[in-house]
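Student: I have a protein model open beside its sequence, and I would like to learn how to read its features with care. Could we go through it together?

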Amino acid sequence: MRLCRPFLAAALVASITALASPCFAESSMPIPVNNPALYNPFVDLLALMSGHCKTLKVAGRSFACKTVAYAHGDKGRVNFAVAVDDPSDDNHVVSFSGENGKRADDNSYELPIDRMLLNSKDRPKVDGLPVPAEQTSTGTCRQTGNFAAKQVSDVTCSATDSEGRRYELLFVSDGTPVNVRRIRQSAPSIQDPFK
């Protein structure tokens, strides 16, 4: 699991910092993407979670996952990135992406999803890392737990892209403390009713 974390962090940063072009290939079949990318240059917080995916579906196909990460961009964009356990593609990463996340209490966070970031070995590369395709989507991710306490119990996500393809995630922590890395300081973007 620890070997996957540096790769996921590098792939995630590259995914967020680069522009996407309209093509994504999962392990054997391309998924056409018809939307331009939006640019979000810096990740300011990265949290790597240890556990397993009870459910991971990408455009209807079931996969296992290697790890899940939460990445917060300095402009407020958030990604729940999933390193897909795909034997035919070491670069297969799927991210549920959105803005304006909200906390209902100290142990729950909800993120509205407005796009999926889809990455594979067949994507164009920038600085040696594949650049994700972006697909306009609607959905929600919910996280139970708290990064400040370094404990997350689960993450559930469900989204449908503009082509009708569904993406689902149910990630359950193994209880290992979350590895939180503040990369740079930025203004908070979470709507917190308790402040």
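Predicted model: local features only at pLDDT ≥ 70, side-chain atom pairs only at ≥ 80, totals over all residues.

Student: How many helices and strands does the protein chain have, and how are they defined?

Tutor: Helices (H or I, at least four residues) and strands (E, at least two) are DSSP runs, numbered from the N terminus. Here the protein chain has one helix and 16 strands. Of its 195 residues, 50% count as buried, where buried means under 20% relative accessible area, exposed means over 50%, and partly exposed lies in between (1.4 Å probe, protein chains only).

Student: Which strands does β14 pair with?

Tutor: Strand β14 (residues 151-161) runs antiparallel to β13, and 10 bridges join them; T144, for example, has D154 in β14 as its bridge partner. The hairpin of β13 and β14 has four residues between the strands, and K150 in that hairpin takes a positive phi near 60°. On to the next pairing: seven bridges join β14 to strand β15 (residues 166-173), again in the antiparallel sense. The hairpin of β14 and β15 also has four residues between its strands, and G164 in the turn has a positive phi of about 90°.

Student: What is a salt bridge, and how many does the structure hold?

Tutor: Side chains of opposite charge can pair when their charged atoms come close. The term is used for a side-chain nitrogen of Lys or Arg within 4 Å of a carboxyl oxygen of Asp or Glu, and the structure holds seven salt bridges. In one of them, E110 meets R142 with the closest N and O atoms 3.1 Å apart. E110 lies in strand β10 and R142 in strand β13, so the pair ties together parts that are 32 residues apart in sequence.

Student: Which residues does R115 form salt bridges with, and is R115 buried or exposed?

Tutor: R115 is buried, with a relative accessible area of 9%. It forms a salt bridge with D114, the closest N and O atoms being 3.6 Å apart, and another with E134, at 3.5 Å. The second pair links distant parts of the chain, with R115 in strand β10 and E134 in strand β13, 19 residues apart. Salt bridges that share partners join R77, E99, D114, R115 and E134 into one network.

Student: Why does N146 count as buried, and what is it in contact with?

Tutor: N146, found in strand β13 (residues 133-146), counts as buried because its relative accessibility is 14%. Contact means heavy atoms within 4.5 Å, and, leaving aside neighbours within four places in sequence, N146 is in contact with D106, N107, Q151 and V152. The side chain of N146 also reaches the backbone oxygen of D106 at 2.9 Å.

Key
Residues numbered from 1 in each chain as written. Heavy atoms only, no water. Polar contact = N/O pair within 3.5 Å; in protein donor to acceptor, adjacent residues only side chain to side chain. Pairing = 2+ DSSP bridges.
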